[in-house]
Amino acid sequence: MGDEEEEDYMSDLFIKEDVRPGVPMVRRVREALQKEEKQKEANEKNRQKSVKEEEKERRDLVLSSALGNENKGFALLQKMGYKSGQALGKSGEGIVEPIPLNIKTGRSGLGHEEFKKRKAEEKLENYRQKLHMKKQANEQAADQFRIRFKNKQEERKMEGDLRKSQRACQQLDIQKMLRICLRTALETVLQIMTKAFLKKGVLDKVSSYSGPLNTVGPGACLQLAV
């Protein structure tokens, strides 16, 4: 009797049962699963359908069935030579299936869908404009970067030319100062020698010298000074 008693399916023994696919199932576990599935099916059948679901089922049932002779419009078409499955029109270029129904189930107004569509298009257009403006801003930033880089290179070149010019001017100034210093030194030496010659009467001796002046060399000048 203990074996025939129903097990407590909320106990740890039931939870620990292995129900993986391919693993042999214990009978009580299999029966519990079957019972649960049957209960779900019963609940689904006993569930009361909403008004919208019932309307949808009736509408789908009617639309799925073809028109019969009891339909007055279809009967008139048959009298004029129309056959089921034939396209409308004198030459058969019209539609074959009826115009589909667009059932409105929401509470919004008739123009709400068009309003939503227009809003979506405006939002998409704004997004495209933002992308275009962002692209233009990136292009302008790239152009400004190229201009700044070019100006910087030109400034560096001008700075290099300026430094070269400054070095050249410094060299010219040094050369000019050297010439001036050399000239000043020579003039000073000549003045000192002239004063020395005047003191020793060299000029008088030179004036009394009867020889050719172009033959007077440094040695002769020294002799005259002595």
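A residue counts as partly exposed when its relative accessible area lies between the buried range, under 20%, and the exposed range, over 50%. Keep that scale in mind as you explore this structure, which is a predicted model. The protein has seven helices and zero strands, and buried residues make up 5% of its 226 residues.

**Overall build**
- Take the contacts between residues at least 6 apart in sequence: 12% of them join residues at least 24 apart.

**Surface**
- Leu76, Leu77, Met80, Leu88, Ile95 and Ile99 make a nonpolar surface patch of about 610 Å².
- One of these patch members, Leu77, sits in helix H4, which covers residues 72-79.
- Leu77 counts as partly exposed because its relative accessibility is 31%.

**Cysteines**
- A disulfide is a covalent bond that links the sulfur atoms of two cysteines.
- How many disulfides does the model have? The count comes to zero, where a disulfide would need a pair of cysteine sulfur atoms within 2.5 Å.

Definitions and conventions: Residues numbered from 1 in each chain as written. Predicted model: local features only at pLDDT ≥ 70, side-chain atom pairs only at ≥ 80, totals over all residues. Heavy atoms only, no water. Patch = residues over 30% accessible without salt bridge, like charges linked within 9 Å, V, L, I, M, F, W, Y side chains within 5 Å. Areas by Shrake-Rupley, 256 points an atom, 1.4 Å probe, with all protein chains shown as cover. Salt bridge = Lys/Arg side-chain N within 4 Å of Asp/Glu carboxyl O. Helix = DSSP H or I, 4+ residues; strand = E, 2+ residues; numbered from the N terminus. Buried < 20%, exposed > 50% of the residue type's maximum accessible area, 1.4 Å probe, protein only. Contact = heavy atoms within 4.5 Å.
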